[in-house]
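Hi there,

Here is the structure I promised to pass on. Have a look at it first, and my notes follow below.

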Amino acid sequence: MTQVMEGVRVLEVAQFTFVPAAGAVLADWGADVIKIEHPVRGDTQRGFLHLAGQKVDPNRHTLMEHPNRGKRSVGIDLSTPGGQELLYEIAKTADVFLTNYLPAARQKNKFDVEHIRAVNPKIIYARGSAYGDKGPERESGGFDSTAFWTRPGIGIAMTPPELKGPLGQGMPAFGDSIGGMNIAGGISAALFHRERTGKATELDVSLMSTGWWAAGAAIAQAMETGVMSRNRMPTSGGAGSNPFMGNYTTSDGGTINLCILTPGPYFRDAFAHFGIPEAADDARFSTVEALMKNAGDAGHLIAAAFAQRPFEYWRQHLKTMKGQWAPFQTILDLATDEQALANDMIVEVEAIDGGAPIKLVRPPVQFDHAPIKTQRAPQASEHTEVFLMELGLEWDQIESLKAAGVIA
């Protein structure tokens, strides 16, 4: 794939997934991303022992691989004056500074915007946070389950009112990954602006703003009408006045989603694919107006049709239907999804244990129809010595920094 960020250096002082995911996107696009980690502890996320209820193999740590592939790791203790000076030397060579540390930590360890801009006035300074860098909660931390899913109302909106409590996010790093892509887009725009004007900008993306944007259409409608939309309890049938919008249960318990927003051009072909072509000539359904008026009856007919055949039959049979639909798949199904594979959605990186390659998901943007090539996530402090020598340090300087505990 075209390395659109080739020649760009990103200095990342961040951990967990949200902001590092932005660094991973930029690395996939060709940027040289230098990840600064504590020389002893590394990224806190390296210590996670369980993910989604399963024990984590530290040599095949997908929650580290996903947001950190393609980077170089340099171990520096930023709480020390020597570590801070070393960070400034790296910042002089960077185009972007990327961080998710809270304001107090940035000030304490002297890598807030004024410290970094003092040594490189042209650097793009990018912050990721839970709730934004302004307002009374700028010092509050958070994760995507709190700041993306819960606080912006997504959890409540996705929960049918019949349930006793709100649904949880249900998967790790859901909002983090979306937010990381937002940051990468913002950095791209800031670099373009600097190229055109010579002016460097600061940029902020929060998990809360990511949640607001993801739910923006529903939020705007709620602010306009005072009415909040909620998800429905699972059922087999159409939605409201359109029987061609809804989930339909197959004979073996699978589910097919129909999403034909404008049924007029499609309903005859759709009825034929459902095995009930005569329904298109039924006076109750033969025009769009009649179909909407008798949506309940049409929904019952369609539900009965889907209930006659298994999921796999419908998944293959509906491929020739003109209207819009999709099979409800599990995440386990995705690795063999032919359309995803045709679009290079999976990227493989070597595993540190020498075993089978680890399969990861590429960022949503693809350039020139080409797959990406990237490397595994670095081990903590893996590139410290080599990178510092690239930076111009002599070996005796590196040994002195090691002896002082400044670097790994």
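Before the rest, some ground rules. This is a predicted model, in which local features need pLDDT of at least 70 and side-chain atom pairs count only at pLDDT 80 or more, while totals for chains, interfaces and linings use all residues. Residues are numbered from 1 along each chain as its sequence is written, and side-chain values use heavy atoms, with hydrogens and water left out.

**Backbone and loops**

Ser381 sits in the loop between strand 14 and helix 16; helices (H or I, at least four residues) and strands (E, at least two) are DSSP runs, numbered from the N terminus. Its phi is positive, near 65°, in a residue other than glycine. Most residues other than glycine have a negative phi. Phe16 is another case, with a positive phi of about 70° although it is not a glycine. Phe16 belongs to the loop between strand 1 and helix 1, and at 22% relative accessibility it counts as partly exposed.

The loop between strand 14 and helix 16 (384-391) also holds Ala377, which counts as buried at 3% relative accessibility.

**Salt bridges**

Searching the whole structure gives 26 salt bridges, where a salt bridge is a side-chain nitrogen of Lys or Arg within 4 Å of a carboxyl oxygen of Asp or Glu. Three of them may interest you:

- Lys35 and Glu12 meet through their side chains (3.2 Å, N to O). Lys35 is in strand 2 (residues 32-37) and Glu12 in strand 1 (residues 9-13), so the pair ties together parts 23 residues apart in sequence. Both Lys35 and Glu12 are buried.
- Asp353 and Arg60 form a salt bridge (3.4 Å, N to O). This pair links distant parts of the chain, 293 residues apart: Asp353 is in the loop between strand 13 (346-349) and strand 14, and Arg60 in the loop between strand 4 and helix 2. Asp353 is partly exposed at 38% relative accessibility, and Arg60 is partly exposed with a relative accessible area of 27%.
- Arg127 and Glu202 pair up (2.8 Å, N to O). Arg127 lies in strand 7 (residues 124-129) and Glu202 in strand 8 (residues 202-206), so parts 75 residues apart in sequence are tied together. Arg127 is buried, with a relative accessible area of 7%, whereas Glu202 counts as partly exposed at 41%. Salt bridges with shared partners join Arg106, Asp112, Arg127, Asp133, Arg138, Glu202 and Asp204 into one network.

**Cavity and pocket**

Both were found on a 1 Å grid over the protein atoms alone: a cavity is a set of points where a 1.4 Å probe fits but cannot get out, a pocket is an open set with protein on both sides within 12 Å along at least five of seven lines, and lining residues have an atom within 4 Å of a point. Grid points are joined across faces, edges and corners, and a volume is the space filled by probe spheres set on the points.

There is one cavity of 30 Å³ or more. The largest cavity has about 50 Å³ of space, and its lining includes Arg106, Arg127, Asp133, Arg138 and Asp204. Strand 7 gives the largest share of that lining, three residues.

The largest pocket has a volume of about 1,700 Å³. Of the 38 residues lining the largest pocket, His66, Ile331, Leu334, Lys359 and Val361 lie nearest its centre. Helix 1 (18-28), strand 4 (54-55), helix 2 (62-68), helix 8 and strand 14 (358-361) each give two or more residues to this lining.

**Where is Met171?**

Met171 is in the loop between helix 7 (154-157) and helix 8 (174-197), and it counts as partly exposed at 36% relative accessibility.

Definitions and conventions:
Buried means under 20% relative accessible area, exposed over 50%, partly exposed in between (1.4 Å probe, protein chains only).
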